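Q: I am new to this structure and would like to learn how to read it. Please take me through it one feature at a time.

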Amino acid sequence: MSTLEIRDLHVSVETENGPVQILHGVNLTVNSGQTHAIMGPNGSGKSTLAYALAGHPKYTVTSGSLTLDGEDLLEMTPDERARAGMFLAMQYPVEVPGVSVSNFLRSAKTAIDGEAPKLRTWVKDVKTAMDNLRIDPEFSERDLNTGFSGGEKKRHEILQLELLNPTFAVLDETDSGLDIDALRIVSDGVNRFSSGGDKGVLLITHYTRILRYIKPDFVHVFVGGKVAEEGGPELAEKLEEHGYADYVGEGAAV
Amino acid sequence: MTTIEHPELEGLGRYEYGWADPDTAGATAKRGLSEDVVREISALKNEPEWMLETRLKALRLFQKKPMPTWGADVSDIDFDNIKYFVRSTEQQATSWDELPADIKNTYDKLGIPEAEKQRLVAGVAAQYESEVVYHQIREDLEEQGVIFMDTDTGLREHPELFKEYFASVIPAGDNKFSALNTAVWSGGSFIYVPKGVHVEIPLQAYFRINTENMGQFERTLIIVDEDAYVHYVEGCTAPIYSSDSLHSAVVEIVVKKGARCRYTTIQNWSNNVYNLVTKRATAAEGATMEWVDGNIGSKVTMKYPAIWLMGEHAKGETLSLAFAGEDQHQDSGAKMVHMAPNTSSSIVSKSVARGGGRTSYRGLVQVMPRATGSASNVLCDALLVDTVSRSDTYPYVDIRNDDVAMGHEATVSKVSEEQLFYLTSRGIPEDEAMAMIVRGFIEPIARELPMEYALELNRLIELQMEGAVG
């Protein structure tokens, strides 16, 4: 079993006006085999947590710890974290012109595995994963994220999740901007990934609707840069009815 | 020297072609330029009187013209210290084995004989110092009347073509360095493609400077007759020395009615070579001229391949790529002159600067009064890999009629933190991620290169990017 442990995490972000403190002591433990949903209003620090986990250079951990099976993630660069088993499905994947999707996927797979994938099985794996996500085959010759629609970007993130097969997946608002069909396709992808029972999922979302397709074991409500309430799936239902109004006002204004 | 953000970068930009052969020929060569030197070169070649006269006239023009004060800094060139003519072997070879061992070894290391063996090229010329030392063309092309030889031999065997075309596209007095070249030229390629003949596989020339303080002044003349086609590819390398060498070529191309010519250069001189080259083509009615110009090496490059669109519906295209590392300045671009109605031109320029290097795009699009219905598009993108490098754009436009479609777009971008983060968050190490971004940036030009050069370019970028990030 693997464990991702977040202890008293304080994080600030670089802005034009200097660093701004966003996270004020987050505690969270994710074990493999579990799906955790992090929910909260806009500006509550959900995405900051995602970036801090992946090691984005604009986010500075000012105190606290972040460990994966006891290994200090804070000591690792983003690529080292990825090779240690972390994956972040991004909310806004960036365009990289001139780098084809197929070249990118193969480079990433080679980096994660430490050796180039066997050509034959790799081509088959990519095709299967793309079929599952209803991605057109010609997609692999396109430039990375360049001119992709919102839905294509999200499906491409999940395609990477399936092919790179990390231990822990952080999904940063993967559901935002998806229509109902795309939401189901993407959710199926996440469920395929976690179906073996040895993966941990940290699902960051603003809305409850993705939780109809991906069933969380735990729900954490994020407000003002810390966890305001925790519970099981029933907490999501409560949020569905009452929204975040009960929490806001206790310090959500960050 | 520029201070570099990442100290681990110093000592980078490893140059793979920097070895030097023993330099017996160059050691005894004379330094400096005078009328005697010009006469001596001409006499050694047994040239006709008119060529000697052309040379001497050009020498006077060279001496009269001031050094250019625009573009890159060339004020350190010491013309008195340069060796203007170095003969490395007495006889031109037609098989690699006939070459002196040192020279053959050099071309082996560069992979040229192998390319010929694999028939990746239709003809090969190899210039070592001042002269072409090896030359070969496929028999079937020769039978079709294609001429591909070194320019000295061309002058001897086809004087009528030289009288008509030599210095017809680029007069000696065009600029200081075209005057210099015309005075002391030696070697280079002479190509004639007869009417309607399509040379499907490229003709290739390979230029190598071995002697320190050598001046290489090759002169290339290409005539593509009506409805013919040829692709010519040249590559250039030199040893690494502590003091500078000069490469100052002149390339003239005549593309006749309905013909097409593509000229590809991969310039990878070592970082002590001043590369000051004048290239110009004329395109007649319905003709197409394409320059693909890759500038990777050299200390300073000033080069602006030009196309004069002389006939109606002539097309000109320049794809240029510049890569500047520490202590390098690539001042390159293109020049399009629309002389006839309904002509079109396109310039695409991509440059990458790192480690304090500097790239400049300098281009001119000129549309004459009678060139109505013409169109031109200019696109130049610069990529800065760090904060100590520099890129400038100097686009000049001179349009003298109202019926012209002109597009211009220029961007300067930095490798973005977000792109690097995205790729590294997928496990890709930062230097490899950087190389991927740079390769992606130049991909629209790299895909136009012959395969072996495209691969070479990729490898080179990887080397340059290793450890390029902190």
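A: What follows goes from each chain to its sheets, helices, domains and contacts. This is a predicted model, in which local features need pLDDT of at least 70 and side-chain atom pairs count only at pLDDT 80 or more, while totals for chains, interfaces and linings use all residues. Residues are numbered from 1 along each chain as its sequence is written, and chains are lettered from A and ligands numbered from 1 in the order in which they are written.

Q: How many helices and strands does chain A have?
A: Helices (H or I, at least four residues) and strands (E, at least two) are DSSP runs, numbered from the N terminus. Chain A has seven helices and 12 strands. Its radius of gyration is 18 Å, close to the 18 Å that the globule rule gives for 254 residues, so chain A is as compact as a globular protein of that length. That radius is taken over C-alpha atoms, and the globule rule is 2.2 Å times the number of residues to the power 0.38. Along the principal axes, the C-alpha trace of chain A spans about 55 × 40 × 40 Å.

Q: What are the counts for chain B?
A: Chain B contains 12 helices and 22 strands. The C-alpha atoms of chain B fill a box of roughly 65 × 60 × 45 Å along the principal axes.

Q: In what order do the four strands of the open sheet in chain A lie?
A: Two strands pair if DSSP finds at least two bridges between them. In chain A the order is β2-β1-β4-β5, with antiparallel pairing. The edge strands, β2 (18–31) and β5 (71–72) of chain A, each pair on one side only. Strand β1 (residues 3–15) of chain A is joined to β2(A) by 11 bridges in the antiparallel sense. A:His10 has A:His24 in β2(A) as its bridge partner.

Q: Which strands are at the edges of the 10-stranded sheet in chain B?
A: That open sheet has mixed pairing and runs β2-β1-β5-β8-β11-β13-β16-β18-β20-β22 (chain B). Its edges are β2 (131–137) and β22 (404–414) of chain B, each pairing on one side only. On average, neighbouring strands of this sheet are turned by 10 degrees against each other, direction ignored. Axes are lines fitted to C-alpha atoms, for helices over the stretch in contact, and angles run from 0 to 180 degrees between N-to-C directions. Strand β20 (residues 374–384) of chain B runs parallel to β22(B), with 11 bridges between them. B:Cys380 is bridged to B:Ala410 in β22(B).

Q: Which strands does helix α11 of chain B lie across?
A: Helix α11 (residues 430–446) of chain B lies across β16 (315–324), β18 (344–353) and β20 of chain B, at about 160 degrees to β18(B). Helix α4 (residues 101–110) of chain B lies across β1 (123–128), β2, β5 (203–208) and β8 (229–237) of chain B, at about 120 degrees to β5(B).

Q: Into what domains is chain B divided?
A: Domain bounds come from an automatic or database domain assignment. Chain B has domain 1 (7–303) and domain 2 (417–470). The centres of these two domains of chain B, taken over C-alpha atoms, are 31 Å apart.

Q: How many residues of chain A are in contact with chain B?
A: Two residues are in contact if their C-beta atoms, placed from the backbone, lie within 7 Å. By that rule, 21 residues of chain A are in contact with 18 residues of chain B. On the side of chain A that touches chain B, α2 (78–84), β7 (96–100), α3 (101–113) and α5 (150–164) of chain A each supply at least two residues.
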